[in-house]
Amino acid sequence: MDVIIDVKRHSFGELLVLEDIGIHVREGEIVAIIGPSGCGKSTLLHILAGLMRPSAGAGYLDGKAVEGPSPRWGMMFQQPSLFPWMQVAQNVGIGLRFARLPKAEVASRVAEALRLVDLESHAEANVQDLSGGQQQRVALARSLVMKPELLLLDEPFSALDAFTRAALQRDVRSIAKRLGLTLVIVTHDIDEAALMADRALIMAGPPGTIVEAVAIDIKGPRERKDPEVRTARERLMKSFEAAAAGPSPGAVENSPAADAADAAVASLVVAQA
Ligand SMILES: Nc1ncnc2c1ncn2[C@@H]1O[C@H](COP(=O)(O)OP(=O)(O)OP(=O)(O)O)[C@@H](O)[C@H]1O
Ligand SMILES: [Mg+2]
């Protein structure tokens, strides 16, 4: 699914949270949006998911302005928010049951989704008996079972230990590539971007805006220790630190950093057909 974010502005009351955000994510691409806490990452993702309308501008999915949630895109949050009284398979199948699909189809699609996330042997388990990482896999399966074309991930692994997180980062990238899914991951974890993304966008703020785009062109599976991954990580760290230090708000308009930011954004914005 082709994704365009063209948010001119978003405010919560007096607070300007997002300003001039232009992003184009191509079908099948994995893009990480990295930014410090409070710069507006979740707000941006909520707008794209159709959970919120921006004050000015819009998100466009396959050329159509987003006006509300849809099964064509799924969202994963930091907490898996499963139904604790339901077994794994029931949690995964809930969206399909709401869509009133026949029982047999629900069962086969749930089984397929559980296979994708490596949980087929836990179908009957109670979700409270699973580890945090397994619960996040259930949440992933619950999204995948709807056969979305786009997955929006909001720091989905930040509550997990390092080993579990690494395994999920690797698996989610490989599942997305296998299924041709478009992925937008919001994170403040630079390693996550280096390990998962085809491209990372550095966000600064408030108000949140994209200040730099970094291509991470690494073929094949990625490991933290790979020299290419380490190089990407260092490159991102530099940009991230520069963005976090940022120009002072009063100096934004004429600073070289702001000019560079404008150029970066201009190169990202894709004119609407
Ligand atoms: N519903 C809301 N009403 C009022 N202010 C909000 C609302 N949601 C977010 N904000 C404010 O907007 C700003 C951006 O919030 P947002 O949650 O998008 O940041 P974030 O980049 O996702 O941060 P984090 O990395 O901590 O999750 C913050 O100042 C936050 O307090
Ligand atoms: Mg957030």
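What you see is a predicted model, where local features need pLDDT of at least 70, side-chain atom pairs count only at pLDDT 80 or more, and totals for chains, interfaces and linings use all residues. Residues are numbered from 1 along each chain as its sequence is written, while chains are lettered from A and ligands numbered from 1 in the order in which they are written. Helices (H or I, at least four residues) and strands (E, at least two) are DSSP runs, numbered from the N terminus.

**Around ligand 1**
- Phe12, Val17, Gly35, Ser37, Gly38, Cys39, Gly40, Lys41, Ser42, Thr43 and His188 sit around ligand 1, each with its C-beta atom, placed from the backbone, within 6 Å of it.
- Helix α1 (residues 41–49) gives the largest share of this shell, with 3 residues.
- By class, the shell has 3 nonpolar, 7 polar and 1 charged residues; Ala, Val, Leu, Ile, Met, Phe, Trp, Tyr, Cys and Pro count as nonpolar, Asp, Glu, Lys and Arg as charged, and the others, Gly among them, as polar.

**The sheet**
- Four strands make an open sheet in the order β2-β1-β4-β5, with antiparallel pairing (two strands pair if DSSP finds at least two bridges between them).
- At the edges are β2 (15–25) and β5 (64–65), each pairing on one side only.
- Strand β1 (residues 3–12) and strand β4 (residues 56–61) run antiparallel, joined by 6 bridges.
- Valine 7 has glycine 57 in β4 as its bridge partner.
- Helix α1 packs on the sheet and touches β1, β2 and β4, its direction making about 120° with that of β1. Axes are lines fitted to C-alpha atoms, for helices over the stretch in contact, and angles run from 0 to 180 degrees between N-to-C directions.

**Helices α4 and α5**
- Helix α4 (residues 132–144) and helix α5 (residues 162–179) have axes that come within 10 Å and cross at roughly 20°.
- Gly132, Gly133, Gln136 and Leu140 in α4 meet Thr164, Leu168 and Val172 in α5, with C-beta atoms, placed from the backbone, within 7 Å counting as contact.
- This contact of α4 with α5 has 3 nonpolar, 4 polar and no charged residues.

**Helices α2 and α3**
- The axes of helix α2 (residues 88–98) and helix α3 (residues 103–116) come within 9 Å, crossing at roughly 130°.
- So α2 and α3 are oblique to each other.
- Ala89, Val92, Gly93, Leu96 and Arg97 of α2 make the contact with Val106, Arg109, Val110, Ala113 and Leu114 of α3.
- That contact of α2 with α3 divides into 7 nonpolar, 1 polar and 2 charged residues.

Note on methods. Two residues are in contact if their C-beta atoms, placed from the backbone, lie within 7 Å. Angles under 35 degrees count as roughly parallel, over 145 as roughly antiparallel, 65 to 115 as roughly perpendicular and the rest as oblique.
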